[in-house]
Amino acid sequence: MQYPFTRKRRLRSSQAIRNLSAENHLTVNDLIWPVFVLDGFNRTEKIDSMPGVQRMSVDVLLEKLVPLHEKGLNAIALFPVIDSQFKTDDAAEAWNTEGLVQRSVKTIKSSLPELMVITDVALDPYTSHGQDGIINEQGEILNDVTIKALVMQAKSHAKAGADVVAPSDMMDGRVGAIREALENNKLYNTAILSYAAKYASSFYGPFRDAVGSAANLGKSSKETYQMNPANALEAIDEIAMDIDEGADMVMVKPGMPYLDIISMAKSHFNVPVCAYHVSGEYAMLQSAIDNGYLAEKPAIMEALMCFKRAGTDAILTYYADRVTEWLSE
Ligand code: PBG
């Protein structure tokens, strides 16, 4: 590889040759759009910490989904905004067969049966304390009690027609328990996308505003169940356990500050590795764009390409709607 016989710049000299020699490509098939659903009809709400993202009632969401699905968007991830009157210590609203998520899944699947609907399995939108699990009097998160609730929640999502259930709670053993319940209920084709390596990150702040769990959580943290950002090798164990218990796909979360974990996951395991470009990452990027410090489309497309380069199979990103439009132009 000696200059001048090798000139690396040759393959960068025109757009055509750059296209041909690109190692990675971003397509609409890589995108999963996370959406915040509200109860009611014809409702939208702005989210202050996520400029450009809205909470929507399911009719408004459907209006947006129809053209996006025509342009190739394959998948959405549903996150409910639960009215405070339905939040309790035991999170029972989470498995209400007529709850917001369950109704939304039915509505979306009956209009767009080919669109993949992923639901979040965790109790935080439903608990009065904002934790993902059930707590005792000391405020400790009770792993095995929580699993029972998560199983009921996952089953109710699958019965409503969710294609994929995505446990994001980080309790130990929940994937196995959910898989067993799905099998026992003949829900053989419901896939499990496990948030296997989910870190206790400050980048989830805007999401907690969006779903309205921030005030419930107050000053408490999720550090006794979500992973320590200092750890990488531990992610291998977390992912291996979830695959062993029956996860079909795994997730790393957050995304851009954790590309090393994505890359490691992809090299160790053969299941699809998804990554979550989380709310705080969206807020950082969008604030810089809104201030004119970064160019919108190039900055977003580069960020998503970097996920692909790290080995990500599918990216949950609040930019999925915009990017679907751009890719179809
Ligand atoms: C909760 C959940 C969170 C996110 C997805 N599911 C927040 C949390 O763990 O506190 C974060 C997503 C984002 O920040 O965009 N189970």
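I began with helix 10 (residues 279-290) and helix 11 (residues 296-310), which pack at about 155 degrees with axes 10 Å apart. That angle makes helix 10 roughly antiparallel to helix 11 (over 145 degrees; under 35 is roughly parallel, 65 to 115 roughly perpendicular, the rest oblique). Axes are lines fitted to C-alpha atoms, for helices over the stretch in contact, and angles run from 0 to 180 degrees between N-to-C directions. Helices are DSSP runs (H or I, at least four residues), numbered from the N terminus.

This is a predicted model, where local features need pLDDT of at least 70, side-chain atom pairs count only at pLDDT 80 or more, and totals for chains, interfaces and linings use all residues. Residues are numbered from 1 along each chain as its sequence is written, and side-chain values use heavy atoms, without hydrogens and water.

Which residues make the contact of helix 10 with helix 11? I found Glu281, Leu285 and Ile289 on helix 10, and Glu296, Ala299, Ile300, Ala303 and Phe307 on helix 11 (contact: heavy atoms within 4.5 Å). I sorted them into six nonpolar, two charged and no polar.

Next I took helix 2 (residues 58-70) and helix 3 (residues 100-111), packed at about 30 degrees with axes 11 Å apart. Helix 2 and helix 3 are therefore roughly parallel. From helix 2, the contact takes Val58, Leu61, Leu62 and Leu65. Helix 3 gives Ser104, Thr107, Ile108 and Ser111.

Methods. Helix = DSSP H or I, 4+ residues; strand = E, 2+ residues; numbered from the N terminus. Nonpolar A, V, L, I, M, F, W, Y, C, P; charged D, E, K, R; others polar.
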